[in-house]
Amino acid sequence: MGVDDQMFSEFLTSENLLLIATGLVILIAVLIADRLVRRAISRYSKRLKLEPHVENIFKLTARIVIAAVGMAALLSLFGVGADWFIGVSALTGAAIGFASTQTVGNFLAGLYIMISRPFMVKDYVKIGDVEGEVREITINYTKIYTPTYNITEIPNRKVLDSTILNYSGKRNIIDYSFQMGFPHLEKITNKKLIEECIMPAIDKFYNKYEDILPKKPEMSMFKFDRLERAFLIRMFFPEGKIDAFYDIQPELMQNIANSWDTYKTEEI
C-alpha cells in the first residue's frame, strides 16, 4: 500500500465523511432556501403589487442573508472561528473595493435609485442623451427601451451623474413634448401658420387616434428669433403602450411637416 493510498485511507474516516456529507447538505439547503425565498418574494410582490425594483431589493437582501448564514454554518462545522471569518470578510471586502470600484459604485448607486425613486418602471424618461421607457432597475444598470425599439443599459453611476427628465405624470400618462421650427416667410403670418397649417394637422392626427390618445395634442409658441419661429408640440399618451407611441409620435411630426410643405407652396 503506497503513501498516497495510506493518506487517502486516513482521510476517509467516518468522521471526515460525516463532515463532508453535512457540508454538502448545508450547500444544498442554501441553494434550495435561496430559490424558495426568491419564489416566495415574487409571489407576494405580485399579490401586494410591489414595484419591480422594490422586489429586487428584497431578493438581494434575502440572498445576502442566506449566503451569510450558510457560510457561518460551514465555518462552524469545520471548526473555523468567527474571528477568522470576520478578518477574511474584511480583507475580501477591501480587495473587492479596490479591484472593482466601478461595480461597487454602480451597486450603491442602484440602491440609492431604488430608495429615492426619481423614476419608476414603465416611466418614460430622458437620462442624459438616452430617451425611452424604463423597463428594469437592477443593482448595476437601468434598462431603457428606446424609440429605436432596442434596450439600452445605463450604469447606475452614470444615471446619478446625468440630468433626468421624467415625462410620466399623474394618472399613468406620458406627457411628451417636441419642438418644430418654421422659417419666416413674407406672406405667411404667425396666425395663419397656426390656424391653417399646424392645427389642421393636429386635428387630423387626433381624429385618427382618438381611441388611443387620452387627450388632444396641444401646441404653444416656444421661440421667435430672426431665423425662425419654433413651436412646442405637446402630446399625451397612456403608459403601457409604448410601441404604439413610438409608431405614431413620428407620424404627428410628419403630418405637421407635410402640412407645412403643402401650405407653403400654395401661399408662395
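Biologist: Which rings do the ring pairs link into a cluster?
Modeller: Tyr124, Tyr145, Tyr149, Tyr167, Tyr176, Phe178, Phe237, Phe245 and Tyr246 are linked by ring pairs. Rings of Phe, Tyr and Trp (its six-membered ring) pair if their centres lie within 6.5 Å; planes under 30 degrees apart count as stacked, over 60 as edge-to-face and the rest as tilted. Just so you know, this is a predicted model, where local features need pLDDT of at least 70 and side-chain atom pairs count only at pLDDT 80 or more, while totals for chains, interfaces and linings use all residues. Residues are numbered from 1 along each chain as its sequence is written, and side-chain values use heavy atoms, with hydrogens and water left out.

Biologist: How many aromatic pairs does that rule give?
Modeller: The count is 14 aromatic pairs. One of them joins Tyr124 and Tyr167, a tilted pair at 5.6 Å centre to centre with 55° between the planes.

Biologist: Where in the chain are Tyr124 and Tyr167?
Modeller: Tyr124 is in strand β1 (residues 124-127), and Tyr167 is in the loop between β5 (164-166) and β6 (173-183), so to speak 43 residues apart, and their pair links distant parts of the chain. Helices (H or I, at least four residues) and strands (E, at least two) are DSSP runs, numbered from the N terminus.

Biologist: Are Tyr124 and Tyr167 buried or exposed?
Modeller: Both are buried, meaning under 20% relative accessible area; exposed is over 50%, and partly exposed is in between (1.4 Å probe, protein chains only).

Biologist: Which ring does the charged end of Arg135 sit over?
Modeller: The ring of Tyr145, with the charged end 4.1 Å from its centre. The rule asks for NZ of Lys or CZ of Arg within 6 Å of the ring centre and within 35 degrees of the ring normal.

Biologist: Ile242 next. Why does Ile242 count as buried?
Modeller: Because its relative accessible area is 4%. Ile242 is in helix α8 (residues 242-267). Leaving aside neighbours within four places in sequence, Ile242 is in contact (heavy atoms within 4.5 Å) with Tyr124, Glu133, Arg135, Tyr145 and Ile174.

Biologist: Changing topic: what is the strand order in the open sheet of three strands?
Modeller: The order is β6-β8-β7, with antiparallel pairing. The edge strands are β6 and β7 (218-224), each pairing on one side only. Two strands pair if DSSP finds at least two bridges between them. Six bridges join β7 to β8 (residues 228-238), and Phe224 has Arg229 in β8 as its bridge partner.

Biologist: Which helix packs on the sheet?
Modeller: Helix α7 (residues 190-208) does, touching β6, β7 and β8, and its direction makes about 20° with that of β8. Axes are lines fitted to C-alpha atoms, for helices over the stretch in contact, and angles run from 0 to 180 degrees between N-to-C directions.

Biologist: And what do β3 and β4 form?
Modeller: A hairpin with five residues between the strands, and Tyr149 in the turn has a positive phi of about 65°. Strands β3 (residues 141-145) and β4 (residues 151-155) are antiparallel over five bridges.

Biologist: Where is confidence lowest?
Modeller: In helix α1 (residues 3-11), at a mean of 49, whereas β1 is highest at 95. That is pLDDT, the predictor's confidence in each residue, from 0 to 100. Where pLDDT is low, the predicted coordinates should not be read in detail.
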